[in-house]
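Here is a friendly walk through one protein model, written to be read beside the structure. Shall we start with how its helices meet?

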Amino acid sequence: MSEQNRMELQMAFGEIINDDGARGKGFAAWRWLSLAILACTVLPVAAGMGIAPARAEFPEKIIKIVVPFAAGGGTDIIARTTAQEIQTDLGKSVIIENKPGAGTIIGTQTVATSEPDGYSLLMATFAHAVNPSLYNKLPFDPHKDFSAVSLIARSFNIVVVNPASKINSIADLIAEAKANPGKLNFGTFGTGTSAHLAGELFNSMAKVKMTAVPYKGAAPAISDLLGGQIDVMFTTVASAASLVAADQLRALAVTSAERSAAFPQLPTVAEAGVPGYAAESWYGLYAPAKTPAPVIARLNQAVAKAVKSGGFKQLEANEGLIMVGSAPEELDRYVGQEEERWRKLVKDANIEVQ
């Protein structure tokens with residue numbers, strides 16, 4: 001505050017200050033004068049030094065995780081388990097919003113255009129790495145429009161056939177496919193899904209030609225497999241485990257690079273006759289781009305604790321999940337590798353979204 005401004009303030013309050021009979025008013029005036037001096041001197045200096053006002057600690061309100069699939073599926077189960085576990089650590093409610101459609105694009109775009117404050121999150125999957133190869137143009141950039149939080153878990157598919165089938169192993173499947181090019185059908189959850197690309201990768205690496213048959217979800221595809229309308233599926237563990245246990249489906253192998261603790265008796269596809277084969281699914285948490293780093297760090301901390309919880313240990317045992325709980329940069333690295341890997345297969349197999 002300049003000397004002139006100081007004198008003007010003193011003159012403005014002088015009459016009250018000097019009035020011995022209005023001492024109470026004088027004290028009040030001096031208090032306002034002190035606040036004025038503080039506003040004119042201390043606060044500008046603090047701003048000039050780059051000292052920002054203190055922020056409330058995250059989170060202050062309900063957090064929403066958008067699931068780009070219908071309720072009840074594998075991704076929905078993972079998201080709800082995540083929500084249940086992290087809300088205990090964060091101290092605020094975490095809710096799920098299912099926004100299916102357009103191969104996960106609708107739900108994903110919702111988060112891409114949300115406020116970057118950590119209160120709208122995306123449960124991303126295999127599709128997040130594959131859609132850039134399947135679609136000529138997306139309404140968002142999967143790299144620039146999102147901030148990684150954590151790779152929650154990896155998973156795999158399981159190769160299953162009808163128990164009445166004469167195919168008892170991966171070697172049998174390869175032999176049958178080579179003897180009848182294009183005649184064996186494998187069911188998928190739709191074009192570009194993990195079940196589809198796992199089958200196409202098998203075609204490519206085993207040098208066979210099976211025909212993909214797309215369905216609107218795992219349930220109708222498995223129904224046709226049980227009925228003998230299709231020959232084989234590269235389906236999720238969640239959709240097939242109970243049927244395998246009940247001997248309603250015959251499991252041939254798992255698509256992971258290593259054997260699964262959930263199915264220790266099953267070989268990998270690589271072990272069973274296709275060296276180098278591996279196809280994974282995954283679940284990762286994202287926030288909108290430009291979400292503050294402290295918010296990302298707090299969410300990452302909560303996820304790291306969640307994947308060690310009893311809820312996830314049960315999923316790990318029942319559905320063959322491989323729990324991760326990675327640093328944000330590890331999710332970026334992993335998804336980048338997956339995107340590059342599947343881009344080549346999509347191009348070579350001439351896969352197009354209808």
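## Two helices at an angle: α3 and α10

Helix α3 (residues 74-90) packs against helix α10 (residues 293-306) at an angle of about 120 degrees, and their axes are 9 Å apart. Axes here are lines fitted to C-alpha atoms, for helices over the stretch in contact, with angles running from 0 to 180 degrees between N-to-C directions. Helices (H or I, at least four residues) and strands (E, at least two) are DSSP runs, numbered from the N terminus. The angle makes α3 and α10 oblique to each other; angles under 35 degrees count as roughly parallel, over 145 as roughly antiparallel, 65 to 115 as roughly perpendicular and the rest as oblique. Their crossing is right-handed. A crossing is right-handed if the near helix is turned clockwise from the far one by less than a right angle, and left-handed if anticlockwise.

Which residues of α3 and α10 make the contact? From α3 come Glu-85, Ile-86, Asp-89 and Leu-90, and from α10 come Arg-298, Leu-299, Ala-302, Val-303, Lys-305 and Ala-306. Contact means heavy atoms within 4.5 Å. Six of the residues in the contact of α3 with α10 are nonpolar, none is polar and four are charged. In this grouping Ala, Val, Leu, Ile, Met, Phe, Trp, Tyr, Cys and Pro count as nonpolar, Asp, Glu, Lys and Arg as charged, and the others, Gly among them, as polar.

## About the model

Please keep in mind that this is a predicted model, where local features need pLDDT of at least 70 and side-chain atom pairs count only at pLDDT 80 or more, while totals for chains, interfaces and linings use all residues. Residues are numbered from 1 along each chain as its sequence is written, and side-chain values use heavy atoms, with hydrogens and water left out.

The protein chain has 12 helices and 10 strands. Of its 354 residues, 45% count as buried, where buried means under 20% relative accessible area, exposed over 50% and partly exposed in between (1.4 Å probe, protein chains only). Among contacts between residues at least 6 apart in sequence, 76% join residues at least 24 apart.

## A second pair: α5 and α12

Helix α5 (residues 126-134) and helix α12 (residues 328-348) cross at roughly 45 degrees, and their axes come within 8 Å. The two helices, α5 and α12, are therefore oblique to each other, and their crossing is right-handed. On the α5 side the contact uses Phe-126, Ala-129, Val-130, Pro-132, Ser-133 and Leu-134, and on the α12 side Val-335, Glu-338, Glu-339, Trp-342, Arg-343 and Val-346. By class, eight of these residues are nonpolar, one is polar and three are charged.

Leaving out residues up to four places away in sequence, Glu-339 touches Ala-129, Pro-132, Ser-133 and His-143.

## Aromatic pairs

How many aromatic pairs are there? The count comes to eight; rings of Phe, Tyr and Trp (its six-membered ring) pair if their centres lie within 6.5 Å, and planes under 30 degrees apart count as stacked, over 60 as edge-to-face and the rest as tilted. One of the pairs is Phe-186 with Phe-234, which is edge-to-face at 6.1 Å centre to centre, with 80 degrees between the planes. This pair links distant parts of the chain, with Phe-186 in strand β5 (residues 185-188) and Phe-234 in strand β7 (residues 232-236), 48 residues apart. Phe-186 is buried at a relative accessible area of 0%, and Phe-234 is buried with a value of 0%.

Trp-282 and Tyr-334 also form an edge-to-face pair, 6.2 Å centre to centre with 85 degrees between the planes. Trp-282 lies in strand β9 (residues 280-288) and Tyr-334 in helix α12, so the pair ties together parts that are 52 residues apart in sequence. Trp-282 is buried at 0% relative accessibility, and Tyr-334 is buried at 8%. Phe-186, Phe-202, Phe-234 and Tyr-277 form one aromatic cluster.

In helix α9 (residues 237-245), the buried residues include Val-237, Ser-239, Ala-240, Ala-241, Leu-243 and Val-244. The buried residues of α9 pack against β4 (146-161), α8 (218-227), β7, β8 (250-254) and α11 (310-319). Just after α9, Asp-247 takes a positive phi of about 60 degrees.

Arg-259 sits in the loop between β8 and β9 and counts as partly exposed, at 43% relative accessibility. Among the residues that Arg-259 touches, not counting those up to four places away in sequence, are Pro-264, Gln-265 and Leu-266.
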